[in-house]
Amino acid sequence: MKLFYISVFYLLLFVGAVCACSSDSDLAEEGEKPAAPEEETSVNELKLNADKTNDVKVSVNNKGEFVLTTTGKDPYICTMPLDKKNPENSVVLTFEYKASKTINGFQVFFANPLSGDRMEEYGAIEASPSKWDTYSCNLYDAIEKYSWGRIQDYLRLDFGSTVGVQLYMRNVRLRGMNSEEKEAWEAEQEKKNGIEKLAKELPEYLKRSFSSEITRVEVTSNKVNIEGRYSGSGTCSLAEVTPYEHALLLTNFKKCKTDIKAGTFTVSLDRVVEYDGYKYDRLLSKFVLVRTVNGKDELVSCGRYVDADLIDRSKASSLPDCSGDLTKGGEADRSSQAGWNDVDALGLKAVLVGIPVTAVMWETQANAAKVGDQVITHQYLGKNYYFSKSYFEEMDRGLLEFQKRNIAVFTVICIRPEVSRDANAYRNYDHGLGMLFQHPDFSEPAGTNGVYSMVNLDEAKSVNYWAAALDFMASRYSDGTHGRIHRYVLHNEIDDPSNWNNIGYKPLEYYVDYFTKSIRIGHNIIRQYNPHVQMLVPVTQSWNREVIKPGIRAEYAVKKIFGLLNQLSAKEGDFYWGMGYHSYPQKFNSRTWEDPDATFSMNTRMVTFKNLEVLDKWAKTPANMYKGTKQRNIWLTENGSSTSTYTEQSLKEQAACAAYALKKVEQLSGIQTVIWHALTDNNVEGNLNLGLHYRKDHPGDPWGKKPSWYVYQAYGTANESKVLDQYLPVIGVSKWEDIIHSVSD
C-alpha cells in the first residue's frame, strides 16, 4: 500500500536472477558420462503467431527460427489458437532459445479469455547469447486452474520489461513431465496439501483444551529446562519442534523424544544440539507432549516456547530502556552535516533506520572480496558469518550520534528478493545468500510488486542464517559500544504480503503462524542482549478491510492478524510483541480528519490519524495485553501525508495534519510515538510528497523546509502553541482536546 524507501549508502551490484530453466548445455564432470535424455511424451507442437505481438520486432529466418527483439516495456508474442484439444498430459512448456540478456519475470497468459487474472509467472529465462539452451516450465497447475486447452485456446508469452533483448526461439511445444519434473511436482503438491491442512487445523488447535501441559520452559546459558504435567495413562514423549517444522503436520516426532510418565516432570536438555547437519540453538524451539497411537504420534499438549522472562540474560546489557517523551519521531539523513543539523533542530526523540540484511551480509568471505568489500566476522554456534565492514562501520557512526543525543532508534529489517520481474529492482551482492533468505514461494501475480520477501524458514540452513544475522545485530547494538537499537521491526506491512512481505498466496492462518515463528526467533535471540526488546509487527491502515483472491493474492485485515497473534501467544507462551502501525491518512490526503473509512468503531475499515482512538482502546483491553497485564506498546513507525501539489493550501493542510497527529498521540497514552515518513520529498515515491522538506532538486527551494517542518520543530517547545494553534481552523476545531473521540464499541 505505501511506498517504503530504505536507502543504502553504496549502490547495490546487479547480479543475475534465479535460473528457472533446465539447461542442456552444462558440461559433465570429467570422466562422467552424461545421462541420456528421457524421450518426450505427449508432445503438442505450438506455433507462434507473428501477427499477435506487442513491443517486439519479429522475423523468421531461413531455418524457421523466430527472432524477437524487444522494443518496449511490455513485450509478448502469442501462440496460434489450438486446432485440437490439448492432450491431458501435455503440461510442460518447452522451447529452445538463445537470449542476449537474462529475461526476468517470464509470464504466461492462458487465453481464452485473455485476462490479467489468468496469468502465471515462471521466473527468469537466463541469458545464453551464443549457444542454444532449453527453457522448461510446468504449467500443470495453471492448466487445471484455468481449464485451459480447448480448441481455439492459446498462450500469450510475456518476456519481462527490458528493451533491446534479442531472443531466438524454436521448437515451442507442450509435453509430458519427465521423471524429475514429476517428482518435483508431487513434492509441491504434498507441500500445498500440508499448507491447506495446517490452515484448516490451526483454528481448532487454538480452541482445543489439553489435559496435559508444558508449564515452564527456561533457557540458561547452556541448558533448556522444561517442566510440565502428563495426566494420561502409560507414557508419552516430550518432543521438540524446530521453526522449519510444523507440529500439526508431523506424524512422527523425531527430535528430542524423551519418555514421560504420568504426573509432573522436569527435563533438562543441552541447549545446543546438532540437527539436520547443522548446530542448532533450542532457544528457537517449541516443545510438545505426544503419544504414539497405531504407529503415529498425536499431540496431547499444545506447544510451548521458552518463557520471555526465562531467557538467559548472561550477555544482556545493563543499560536502561529508552525513556522520556518519544512522541516526536522521524527519519534522519545520516550522510551529511545538514542532516544532523536537521535532527537537532527538529528535536527528534525517535528515529527509524532500515537495515537490508541480505544486501549487507555474505555467505563467504571470498564473495565479499570479489567486489572489494571487507567483512566483520561474527560467530554463531561456532560457525563464521560475514557482514559488510563498510556498511556497519557507517551504521556505527550514525547510531553513536543518536546515542549522544539520547534518541531512541527503531530498525526495520527486510528481505530483498533475489528474483523480481522488475529488471531495475535492487539485487543482492551475494546471489546464493539472497536465494537462501528469499522464501521459496516468492511470486508476483498481476497487480503486485514483491518489494520484499518473507524470510525462508523452510530449511535448517536458512533458519540458522536468519538467527545469525539477528544475533549479530543484537550483540552489536545493545550495550552502546557501537550505538544502540531499542526496537526491532521485522519484515514490512505484513497485511499486504504480495507487495511488502511476499510469500506467495497463503491462507491467513498459515501465513500468520509462519510470520509469528520469524518474530519469535527475533524476540528470543535479541532478548538475550536487550531485555527491554519489543518486536514490532508492521501493518498498514487496513484494520478491518481485506481483499482476498484465493490462490492468487490477499490483503488481510489487520484486526484478524492481531487476533491470531494473540491466540498463538496465549496458547504457546506469550512473548513481548507490539504494533508498528502505519497510520497514513486515507489515500495519503492531508485532511485526515475527513477520512470516510476511518470511523470510531472497533470494526472500522481503516485506522488513520483520524481514529487512533481505536488502537488506544485495543492496547488497553486486557485480552490484548502481554500476559494479560502489560500493555503492548503501539509505535506509529511510518506515517505521513502528502502535499500533492506545492500550493499554499496543500502545504498548509500537510502542516495541519502533522499537528493533528502529534497532538492526538500526545493525548492517547496507549500510543508511544509517531515517526514521520519521510524526511524529504523524493523521486522514488511516485507523485507523493510525504516529506518535511522539498526535494533536494526542487528548483524553487532545494531541500527547503515545508510548513510541516516548522510544526515538527515547534512541538514540545515553548513555541508550540504559537505554531500549531494556527492550524486549528483548518481542522475545524477550537482546541486540541476536541480532536479526541470516544470509540462506540
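A salt bridge is a side-chain nitrogen of Lys or Arg within 4 Å of a carboxyl oxygen of Asp or Glu. The structure shown is a predicted model, in which local features need pLDDT of at least 70 and side-chain atom pairs count only at pLDDT 80 or more, while totals for chains, interfaces and linings use all residues. Residues are numbered from 1 along each chain as its sequence is written, and side-chain values use heavy atoms, with hydrogens and water left out.

**View 1. The salt bridge of Glu653 and Arg591.** The closest N and O atoms of Glu653 and Arg591 are 3.2 Å apart. This pair links distant parts of the chain, 62 residues apart: Glu653 belongs to helix α12 (residues 648-666), and Arg591 to the loop between β30 and α11. Helices (H or I, at least four residues) and strands (E, at least two) are DSSP runs, numbered from the N terminus. Glu653 counts as buried because its relative accessibility is 14%, whereas Arg591 is partly exposed at 22%. Here buried means under 20% relative accessible area, exposed over 50%, and partly exposed in between (1.4 Å probe, protein chains only).

**View 2. The salt bridge of Arg632 and Asp574.** The side chains of Arg632 and Asp574 meet at 2.7 Å, N to O. Arg632 is buried, with a relative accessibility of 1%. Asp574 is buried as well, at 13%.

**View 3. The salt bridge of Arg216 and Glu218.** The closest N and O atoms of Arg216 and Glu218 are 3.7 Å apart. Arg216 counts as partly exposed at 30% relative accessibility, and Glu218 counts as partly exposed at 22%. A search of the whole structure finds 50 salt bridges.

**View 4. A network of salt bridges.** Glu40, Glu65, Glu96, Arg170, Arg173, Arg175 and Glu181 are linked in this network. Side chains of opposite charge can pair when their charged atoms come close.

**View 5. A negative surface patch.** Glu38, Glu180, Glu183 and Glu186 form the patch. Patches are made of residues with over 30% relative accessible area and no salt bridge; like charges are joined within 9 Å, and nonpolar side chains (Val, Leu, Ile, Met, Phe, Trp, Tyr) within 5 Å. Asp and Glu count as negative and Lys and Arg as positive, while His and the chain ends are not counted. The place of a charge is taken as NZ of Lys, CZ of Arg, CG of Asp or CD of Glu. Accessible areas come from the Shrake-Rupley method with a 1.4 Å probe, and for residues only the protein chains shown count as cover. Glu38 is found in the segment before β1 (44-45). With a relative accessible area of 47%, Glu38 is partly exposed.

**View 6. Aromatic pairs and a cluster.** Rings of Phe, Tyr and Trp (its six-membered ring) pair if their centres lie within 6.5 Å; planes under 30 degrees apart count as stacked, over 60 as edge-to-face and the rest as tilted. By this rule the count comes to 35 aromatic pairs. The ring centres of Phe95 and Tyr97 are 6.2 Å apart and their planes are at 70 degrees, so this pair is edge-to-face. Phe95 and Tyr97 are both buried. Trp132 and Tyr168 form another edge-to-face pair, at 6.4 Å centre to centre and 80 degrees between the planes. Trp132 lies in strand β9 (residues 128-138) and Tyr168 in strand β11 (residues 166-175), so this pair ties together parts that are 36 residues apart in sequence. Trp132 is partly exposed at 21% relative accessibility, and Tyr168 is partly exposed at 22%. One aromatic cluster is formed by Phe95, Tyr97, Phe106, Tyr135 and Phe159.

**View 7. Cis peptide bonds at Asn112.** Ala111 and Asn112 are joined by a cis peptide bond with omega of about 15 degrees. The bond from Asn112 to Pro113 is cis too, with omega near -5 degrees. Asn112 lies in the loop between β7 (106-111) and β8 (119-121), and Pro113 lies in the loop between β7 and β8.

**View 8. Positive phi at Glu493 and Lys587.** Most residues other than glycine have a negative phi, and most peptide bonds are trans. Glu493, not a glycine, has a positive phi of about 35 degrees. Glu493 is in the loop between β26 (487-490) and α8 (497-500) and is buried, with a relative accessible area of 1%. Lys587 has a phi near 55 degrees and lies in the loop between β30 (577-581) and α11 (613-619). Lys587 is exposed, with a relative accessible area of 74%.
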